[in-house]
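Welcome, and please take a moment to look over the structure below. We will walk through it together, one part at a time.

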Amino acid sequence: MRHIDRQLDAPYLMRHKRTIRWLVGFLLLLHLAALLAGFLAPYSPTAQNREFPYAAPTRIHFVDASGHFHLRPFVYGMEQSSGDRQIYTADSANVHSLRFLVRGEGYSLAGWWKSNLHLFGVDAPGKVFLLGTDAYGRDQFSRLWFGSQISLVTPLVATVISLGMGVTLGAMAGFWGGWVDEVIMRIAELFLAIPWLYLLFAVRAALPLSISPVGAFLLLVTLIGTVGWARPARLIRSVVLTTRQQDFVLSARAAGASSGSILRQHILPQTWGVVVTQAAILIPQYLLAEVTLSFLGIGVPEPTPSWGNMAGSVQQYSILTSYWWMLAPVMVIIPVMYVYDRLAAALHEPVKSSA
Amino acid sequence: MAYLVRRLLHTLFLLMGVSMLSFLFLQLAPGDYVSEMLLNPQVSPQTIAAMRTQYGLDRPLPVRYFDWVKAVAHGDLGYSFAYNLPVASLLGARARNTLFLTISAAVLAWLLALPLGVLAAEQRGGWYDWVLGMGTSTLLSTPDLLLPLVLLIFAVRSGRFPVGGMTSLDYSDLSAAGKLHDLVSHAALPVIALALTTLPVLVRHVRASVLDAMATPSLLTARAYGIRKNGILLRHTLRLAANPIITLGGLSIATLLSSSLLVEVIMSWPGLGPMLLEAILGRDFYVVIGAVMFSTVLLTLGNLTADALLYVVDPRTRVRP
């Protein structure tokens with residue numbers, strides 16, 4: 001009892017609001033960064049450097065070989081050492097300065113703003129690979145940013161689809177009841193009776209295997225979004241059911257309001273809390289869904305980068321154990337998941353304690 | 001009793017629905033295994049037409065569904081084109097391995113989660129609770145992919161554990177003790193990886209359920225009567241908290257099965273995961289349907305068992321409102 005009272009006092013709610021604001025702020029920044037991928041990435045995601053496969057992350061230096069300190073950071077050129085593993089040695093005679101806001105490969109922002117300005121880059125012919133390169137010598141750091149466009153946007157759109165279906169079907173079931181309710185809820189039960197990943201795989205099995213990147217994106221979004229409608233629909237239905245019985249709805253009906261306007265003006269606003277909390281739960285889950293499918297080779301196809309297909313190469317033991325930076329695409333998921341987890345917890349808490 | 005019968009009937013209907021749904025989905029799919037063979041210039045169109053007739057692919061959908069149901073009732077789950085084996089025999093061995101993995105992981109996860117969660121609830125707000133909270137948050141934020149990968153790196157680097165598979169090549173030559181040791185050392189890492197993926201959810205849930213139980217008036221009364229703290233915890237709190245914990249036990253089967261797919265693929269465990277992936281890539285639909293049906297049966301069985309357990313443990317569930 002005691003802890004419930006403490007949670008609802010004013011300072012707690014203030015702190016609580018601030019937490020939510022910080023978490024949402026972080027997510028907004030992250031998505032903005034994904035939008036600016038072309039600017040943040042020094043190279044194009046498909047640019048290959050066949051002479052540097054599996055290069056380790058480039059070291060940024062401030063002190064040169066003779067011990068002098070430079071204010072402007074620099075990198076050394078790379079030389080391939082002999083031997084069958086990809087080991088490169090830094091050539092300390094070959095210095096390339098790191099510069100900010102440089103002109104480089106062209107890109108387009110969100111498909112309409114063309115530019116070739118990059119946040120940073122090194123003087124030609126030097127190369128800077130902050131997170132190393134993959135089998136084709138593609139810069140992992142650049143690919144991570146471009147990959148985030150797919151890996152962050154897919155779960156967002158899929159969540160909109162899931163919640164859209166969930167709210168529509170859940171509200172219909174709860175509001176009209178009767179056979180509509182029966183049919184919708186029985187179908188929801190079917191969807192919930194299959195373990196989630198099995199369901200995802202089964203539906204994926206029914207869809208074409210080799211498709212264009214855009215097609216793959218649309219397919220994944222619809223697939224992941226459609227498969228997950230049942231749980232939100234159930235929750236929305238129960239909210240609608242309880243709201244429908246409440247006095248303000250009854251009086252609206254007595255005052256002669258039509259079903260449609262009651263649903264729109266009085267009932268749906270009550271579901272908002274559930275919708276927001278569900279979004280915070282579904283988005284990270286869907287992020288993992290895209291990553292998992294692409295990781296296994298049944299999601300976004302190469303050469304378009306996504307965090308999942310970038311990590312896919314570590315399914316070979318030799319790559320997994322030799323080149324740790326190939327795990328970077330999986331590592332970046334951790335902070336994103338953590339923020340969503342905190343957000344879901346923060347959104348859920350006051351609802352729970354005031355209930 | 002009537003309750004259990006009703007639940008069983010309900011489950012049966014559910015399985016029917018799932019089978020119809022998955023059958024429909026996969027039949028609507030463009031292309032099947034046979035049409036994939038069209039790409040092979042060595043196979044003549046006549047052979048393909050003959051194969052379509054032989055496997056009944058040219059008959060209308062409802063007929064094929066009822067044929068399939070009839071066959072399933074006789075224990076025949078269809079035929080895997082890629083493996084050239086009946087699906088039932090293919091699925092049987094794979095399902096056994098998946099079951100072995102998931103059950104071991106479930107046991108391990110629950111053995112860890114119960115004491116960890118109860119202790120965290122008991123020491124609510126203390127440093128132990130805080131550390132455990134951080135730990136579960138971190139584990140929860142770790143994608144399911146990463147744990148098996150990290151354990152694989154560990155296996156390769158340390159050289160202590162065999163990498164991939166379920167048994168060594170010379171398994172059949174080993175003594176009984178040797179066989180057991182071989183199996184355990186192969187299974188250890190996949191089981192740990194799988195247990196760790198579900199552990200954070202279980203710990204959080206156990207902690208929350210125990211906390212809720214501790215806040216009930218009956219426990220306040222017990223404490224007011226001066227019953228020792230540990231006595232309350234074990235005798236009364238756990239019994240009260242049993243309901244949500246057992247319910248989650250049934251539900252956790254679903255997440256375990258899903259995570260197991262991934263762990264199996266990454267750690268080359270010869271379970272349903274790698275087979276399902278190959279079946280998707282090879283358009284081997286009866287295998288897909290078989291695997292999905294198996295997982296559904298397992299999940300509903302888990303929920304049924306949980307309900308039956310609740311019926312035994314929690315007298316409140318026996319009262320019909």
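Where the two chains meet, 44 residues of chain B are in contact with 37 residues of chain A; two residues are in contact if their C-beta atoms, placed from the backbone, lie within 7 Å. On the chain B side, the elements that give two or more residues are helix H1 (2-28), helix H6 (127-141), helix H7 (146-158), helix H10 (229-266), helix H11 (272-281) and helix H12 (285-313) of chain B. Helices (H or I, at least four residues) and strands (E, at least two) are DSSP runs, numbered from the N terminus. The residues on this side of chain B comprise 33 nonpolar, 9 polar and 2 charged. In this sorting, Ala, Val, Leu, Ile, Met, Phe, Trp, Tyr, Cys and Pro count as nonpolar, Asp, Glu, Lys and Arg as charged, and the others, Gly among them, as polar.

A word on what you are looking at: this is a predicted model, in which local features need pLDDT of at least 70 and side-chain atom pairs count only at pLDDT 80 or more, while totals for chains, interfaces and linings use all residues. Residues are numbered from 1 along each chain as its sequence is written, and chains are lettered from A and ligands numbered from 1 in the order in which they are written.

Let us stay with chain B for a while. Its secondary structure comes to 12 helices and 2 strands, and from the N terminus the order is α-α-α-α-β-β-α-α-α-α-α-α-α-α. Along the principal axes, the C-alpha atoms of chain B fill a box of roughly 85 × 55 × 40 Å. Chain B has 321 residues, of which 36% count as buried. A residue is buried if 20 or more other C-beta atoms lie within 10 Å of its own, exposed if 12 or fewer, and partly exposed in between. Among the contacts in chain B between residues at least 6 apart in sequence, 72% join residues at least 24 apart.

One spot in chain B deserves a visit. Most residues other than glycine have a negative phi, and most peptide bonds are trans. B:Ser268 has a positive phi of about 45° although it is not a glycine. You will find B:Ser268 in the loop between H10 and H11 of chain B. B:Ser268 counts as partly exposed because it has 17 C-beta neighbours inside 10 Å.

Now turn to chain A, which has 15 helices and 4 strands. Its C-alpha atoms fill a box of roughly 85 × 50 × 40 Å, taken along the principal axes. Of its 355 residues, 40% count as buried.

The strands of chain A form an open sheet of 4 strands in the order E1-E2-E3-E4, with antiparallel pairing. Strand E1 (61-63) and strand E4 (113-122) of chain A stand at the edges with a single partner strand each, so one side of each is left without a neighbour in the sheet. Two strands pair if DSSP finds at least two bridges between them. Strand E3 (residues 88-109) of chain A and E4(A) pair in the antiparallel sense over 8 bridges, and the bridge partner of A:Arg99 in E4(A) is A:Gly121. Strand E3 of chain A also holds A:Leu101, a residue other than glycine whose phi is positive, near 50°. A:Leu101 is exposed, with 10 other C-beta atoms within 10 Å.

What should helix H11 (residues 272-295) of chain A span at 1.5 Å a residue? Its 24 residues should span 34 Å, and its end C-alpha atoms are 34 Å apart, which agrees; the expected span is 1.5 Å times one less than the number of residues. Of these 24 residues, 18 are buried, so H11(A) is largely enclosed by the rest of the structure. Just after H11(A), A:Gly297 takes a positive phi of about 85°. Further along, the peptide bond from A:Glu302 to A:Pro303 is cis, with omega near 0°. A:Pro303 lies in the loop between H11 and helix H12 (307-311) of chain A.

Finally, look for A:Lys17 in helix H2 (residues 10-35) of chain A. A:Lys17 is exposed, with 12 other C-beta atoms within 10 Å. A:Lys17 and A:Leu347 are 330 residues apart in sequence, and their C-alpha atoms are 9.3 Å apart in space.
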